[in-house]
Amino acid sequence: MSKPADADGPRQPSSRVTLSDPLPFPSELPPGYETMDDEPRFDAGRHLAFSAPARTWTLGDFGYDRNTIDASPSPVAVAGPFRVLSDEGVQATQGVARRLGKFSRLSQRTANYLAGGAYRSRFLRDLFRAPELVDFLSRVAGTPLAPHSMPSQQVYVNYAPEDITRHVDTWHTDSIGFDIVLMVTDPATIKGGEFQFFRGTREEAAGLLATPTGGLIRGSNVELPAARVEAVKFPSPGYALFQQGNLVLHRATRLLERGERITMVPGFVARDTRFMDPTNVGSIVDWGEPGLAAELARHKAWLARGRLDALIDGLPLSTAPREAAAALRRAVADVHDMAALLERQGDNDAVTPSAGRNAPTAR
Ligand SMILES: [Fe+2]
């Protein structure tokens, strides 16, 4: 049986870096999705406007140890807020978000969210795949990024729940490595609905929430010590916060009065594929969204291609046979693991289809 890519501990990247190109967007839509017609056409020059992050917290600031820091291509835990949308970009994005609201659904954790935004909206797809945006975020992250290699992860839209006694999103870590939380509606018009993050490690958070670290993706309503919690003040719509979401515990609190609160959460991957994959495929495989099996297969194939390219570029000709074999196995280990996971999922689906089995966790 193959070893997972991280079985030997944090990867020690060589000095040679091979960057993987972003995956093209699929030419077909998964069953059940339709792209809206008569949307505004995305125009980077008119819709984007950038400002530098007001503040950056590193993984070290959060208390992460050297092993965890070295295992990530980015030293940044959280950065922001910073501006990404112009006033015209805010108007267009709000219009699209409101039209998509009728497709939102509920989960135990995220009260009211929309999946598959990149499939449903050409505008959102073009916005969050825009090279200008991805280049800007790569500078914020300190590592080259690409739109997430799983199109379903390229944008989620979170709406406030009808029942305002529920948090918009409970304390959780994300199932992907990198994302931004973009405030789409005007934060000055709502009471409550604060985006907050815990300034500490996953392990600390798990201890305080009395849950295993693996359970942090499921969400918790337990309150954390206020002195360890940062509340983010978005100056206006169109501002965003970058986070290494799998390592940062965060939530959006309940609204204190009814109001419109919409955020978008586009996801990204590191183009340097030598590092361990932060994508929580064991959770995502069970989310019941259309197209996920193929997306997961493409994602791991993309990672392996990058790792094989890096091997071709960087494996010294003096390498001994066993080391060469180990390098090959590491490059494709995730592919074997993914195939095994999908086979188990297929067996489960034969009994109960995943779309009916779970209340989706959301990201
Ligand atoms: Fe999240």
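In the predicted model, valine 157 stands opposite methionine 264 of strand S12, where strands (E, at least two residues) and helices (H or I, at least four residues) are DSSP runs numbered from the N terminus. Residues are numbered from 1 along each chain, following the sequence as it is written. Because the model is a predicted one, local features are reported where pLDDT is at least 70 and side-chain atom pairs count only at pLDDT 80 or more, whereas totals for chains, interfaces and linings use all residues.

Strand S12 (residues 262-265) is joined to S5 by 4 bridges, and the two strands run antiparallel; two strands are taken to pair if DSSP finds at least two bridges between them. A further contribution to this pairing comes from tyrosine 159, whose bridge partner in S12 is isoleucine 262. Strand S5 is also joined by 2 bridges to strand S3 (residues 113-114), again in an antiparallel arrangement, and here leucine 114 stands opposite valine 157. Strand S12, in turn, is joined to strand S7 (residues 178-183) by 2 bridges, with the two strands running antiparallel, and leucine 182 stands opposite methionine 264 in S12. Strands of a sheet pair through backbone hydrogen bonds, and the pairing may be either parallel or antiparallel.

The side chains of these strands point in two directions. From strand S5 (residues 156-159), Tyr156 and Asn158 point one way while Val157 and Tyr159 point the other way, and all of them are buried; a residue is called buried if 20 or more other C-beta atoms lie within 10 Å of its own, exposed if there are 12 or fewer, and partly exposed in between, with C-beta atoms placed from the backbone. Likewise, Ile262 and Met264 point one way from S12, Thr263 and Val265 point the other way, and all are buried.

A separate description applies to an open sheet of 4 strands, in which the order is S6-S11-S8-S9 and the pairing is antiparallel. Strand S6 (169-172) and strand S9 (229-232) stand at the edges with a single partner strand each, so that one side of each has no neighbour in the sheet. On average, neighbouring strands of this sheet are turned by 20° against each other, direction ignored. Strand S6 runs antiparallel to strand S11 (residues 250-252), to which 2 bridges join it, and aspartate 169 stands opposite alanine 252 in S11.

Helix H3 (residues 87-100) contains 14 residues and reaches 20 Å from its first C-alpha to its last, which is close to the 20 Å expected at 1.5 Å a residue; the expected span is 1.5 Å times one less than the number of residues. The buried residues of H3 include Gly89, Val90, Ala92, Thr93, Val96, Ala97 and Leu100. Among the elements that cover the buried residues of H3 are S3, S5 and S12, together with helix H4 (117-120) and helix H5 (122-128), where two residues are in contact if their C-beta atoms, placed from the backbone, lie within 7 Å.

The axes of helix H9 (residues 292-314) and helix H10 (residues 321-351) come within 8 Å and cross at roughly 175°, the axes being lines fitted to C-alpha atoms, for helices over the stretch in contact, with angles running from 0 to 180 degrees between N-to-C directions. H9 and H10 are therefore roughly antiparallel to each other, given that angles over 145 degrees count as roughly antiparallel, those under 35 as roughly parallel, those from 65 to 115 as roughly perpendicular, and the rest as oblique. The residues making the contact include Leu296, Leu303 and Arg307 of H9 and Val332, Asp334 and Met338 of H10. The buried residues of H9, including Leu292, His299 and Ala310, pack against helix H8 (281-284) and H10.

Two single residues complete the account. Glycine 80, in strand S2 (residues 76-83), is buried, with 24 other C-beta atoms within 10 Å. Leaving aside neighbours within four places in sequence, glycine 80 is in contact with Pro53, Ala54, Val232, Ala240, Leu241 and Phe242. Serine 20, which lies in the segment before H1, counts as buried because it has 20 C-beta neighbours inside 10 Å. With the same exclusion of neighbours within four places in sequence, serine 20 is in contact with Arg271, Thr273, Trp302, Arg305 and Gly306.
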